[in-house]
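Please keep the sequence and the structure in view while reading.

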Amino acid sequence: MENSDSKELEQNVQPDEAPAEEAAEAEIVDEQSDADEKLAKELAQVKDQLLRTMAEYDNHRKRTAKEKLELRADIICNVVSDFLPVMDNLERALEADCSDENYKQGVQMIYDSFMGVLSKLGVTEIESDGADFDPQLHQAVQRVDDDSVESGKVAKTFAKGYKINDKVIRFAMVAVAN
């Protein structure tokens, strides 16, 4: 009987212990899956934050590069605008009558080197004589009756205009035909 009692006890013990072990294992699996889900959510948040930070940095880099180019153009405009009266005086000196050709040649060399520096900086002259009047590029200081020039075109240029890229440094001062 002892054999049969011990078998019954073993059978009684095993079924009671099995659900408890399964429940413990299920709790461990549930805890692990909860921890895995929590880690996955944190990882997704960190990835999202990293992507946003990278995009923000890229936008900042592009914005500062654009601002740097604009600032360079503004600085060139400011400096060149201070030198334009000197340029006008050189042009007047070239147009003036002079008996000394060496002197005139020296002024021409200074003018040419000055124009070379301006072209390296991206400064270009605004085309005026015979061009259509454009208020974005020209400043009309006079209207003239000239049969040789079409109406609305520039008849005479009093002061040359200059620009860098699309930004006007100085408007061309012109007379417009009626």
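Buried means under 20% relative accessible area, exposed over 50%, and partly exposed in between, with a 1.4 Å probe and protein chains only. The model is predicted, so local features need pLDDT of at least 70 and side-chain atom pairs count only at pLDDT 80 or more, while totals for chains, interfaces and linings use all residues. Residues are numbered from 1 along each chain as its sequence is written, and side-chain values use heavy atoms, with hydrogens and water left out.

Eight salt bridges are found in the whole structure, a salt bridge being a side-chain nitrogen of Lys or Arg within 4 Å of a carboxyl oxygen of Asp or Glu. Three of them are listed here.

| Pair | Closest N to O |
|---|---|
| Asp58 and Arg61 | 2.4 Å |
| Lys153 and Asp132 | 3.0 Å |

Asp58 is partly exposed at 25% relative accessible area, and Arg61 is partly exposed at 43%. These two residues stand three apart in helix H1, separated by about one helical turn; helices are DSSP runs of H or I with at least four residues, strands are runs of E with at least two, and both are numbered from the N terminus.

Lys160 belongs to the loop between E3 and strand E4 (161–164) and Glu91 to helix H1, so their pair ties together parts that are 69 residues apart in sequence. Lys160 is partly exposed, with a relative accessible area of 24%, whereas Glu91 is buried, with 12%.
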